[in-house]
Amino acid sequence: MTLIEAIVVLSVIMLIATAATPSFSGVFATQRLHRLVSELEWLLVQAKSEAVMRGEDVSIGLEAIPHHAEVLPPVTDDWTLVAMLANGETVLKPLSGADFPSLTLSRSFASDVLTVDSLTGRPHAAGSFFIGRGGQSQIRITFSNVTGRIYVCSLNGEAGYARC
């Protein structure tokens with residue numbers, strides 16, 4: 001193989017790799033979305049388990065999470081969800097927006113604190129989290145105070161989740 005042939009082969013490979021790059025960025029964005037949904041869902045599941053196991057209410061601070069509205073707030077990653085006991089002891093690994101760039105998180109919970117009951121493992125008030133990207137809500141995670149179930153669905157039937 002001559003030098004010219006090697007340069008032509010490398011040029012073709014670089015051209016193919018360049019054309020494939022935009023499709024990979026979409027795959028990575030979808031994977032980040034799925035990861036945030038999974039981690040938030042499991043934070044709620046583990047908060048339920050910890051509350052019942054310890055016999056103490058577990059609270060998750062929602063102050064940094066904006067209320068859900070028709071239009072999502074600008075993309076921000078300055079939120080952290082921490083599950084803790086009444087004495088301030090953290091019981092689970094915090095979930096941080098810094099790990100999920102370009103995704104938005106909002107809530108419908110009225111209170112700034114989501115409290116999980118120590119006897120039933122249910123939240124004291126029902127509500128939802130909304131996860132979005134590109135300025136639109138895509139996924140809703142609902143925490144029912146009647147059944148204690150956690151429902152995950154897609155508002156538009158996107159991202160592989162069932163339609164709400």
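Predicted model: local features only at pLDDT ≥ 70, side-chain atom pairs only at ≥ 80, totals over all residues.
Trainee: Okay, another serine. What about the phi of Ser102?

Mentor: Phi of Ser102 is near 65°, which is a positive value in a residue other than glycine. Ser102 belongs to the loop between strand 4 (95-96) and strand 5.

Trainee: Is Ser102 buried, exposed or partly exposed?

Mentor: Ser102 has 41% relative accessibility, so it is partly exposed.

Trainee: Let's zoom out. How many helices and strands does the protein chain have?

Mentor: There is 1 helix, along with 9 strands. Going along the sequence, the pattern is α-β-β-β-β-β-β-β-β-β.

Trainee: What does the radius of gyration say about how spread out the chain is?

Mentor: The radius of gyration is 21 Å, while the globule rule gives 15 Å for 164 residues, so the protein chain is more spread out than a compact globule. The C-alpha trace spans about 75 × 35 × 25 Å along its principal axes.

Trainee: How much of the chain counts as buried, then?

Mentor: The buried share is 36% of the 164 residues.

Trainee: Now the inside. Which residues of the largest nonpolar core touch the most other members?

Mentor: That core has 32 residues, and the ones touching the most other members are Leu40, Ile60, Leu81, Phe129 and Ile131. Several elements each supply at least two core residues, among them helix 1 (3-54), strand 1 (58-61) and strand 7 (127-133). The largest share comes from helix 1, with 8 residues.

Trainee: What does Phe129 contact beyond its sequence neighbours?

Mentor: Leaving out neighbours within four places, the contacts of Phe129 include Leu40, Leu44, Leu62, Leu105, Leu114, Ile139 and Ile141. Arg107 and Arg140 are also among them.

Trainee: What share of the chain's contacts is between residues 24 or more positions apart?

Mentor: Among contacts with a separation of 6 or more, such pairs account for 54%.

Trainee: Last one: how far apart are the mean positions of the positive and negative charges?

Mentor: They are 7 Å apart, for 11 positive and 15 negative charges.

Technical notes. Residues numbered from 1 in each chain as written. Heavy atoms only, no water. Helix = DSSP H or I, 4+ residues; strand = E, 2+ residues; numbered from the N terminus. Rg over C-alpha atoms; globule rule 2.2 N^0.38 Å. Buried < 20%, exposed > 50% of the residue type's maximum accessible area, 1.4 Å probe, protein only. Contact = heavy atoms within 4.5 Å. Lys, Arg positive; Asp, Glu negative; His and termini not counted. Charge placed at Lys NZ, Arg CZ, Asp CG, Glu CD. Core = buried A, V, L, I, M, F, W, Y, C linked by side-chain atoms within 4.5 Å.
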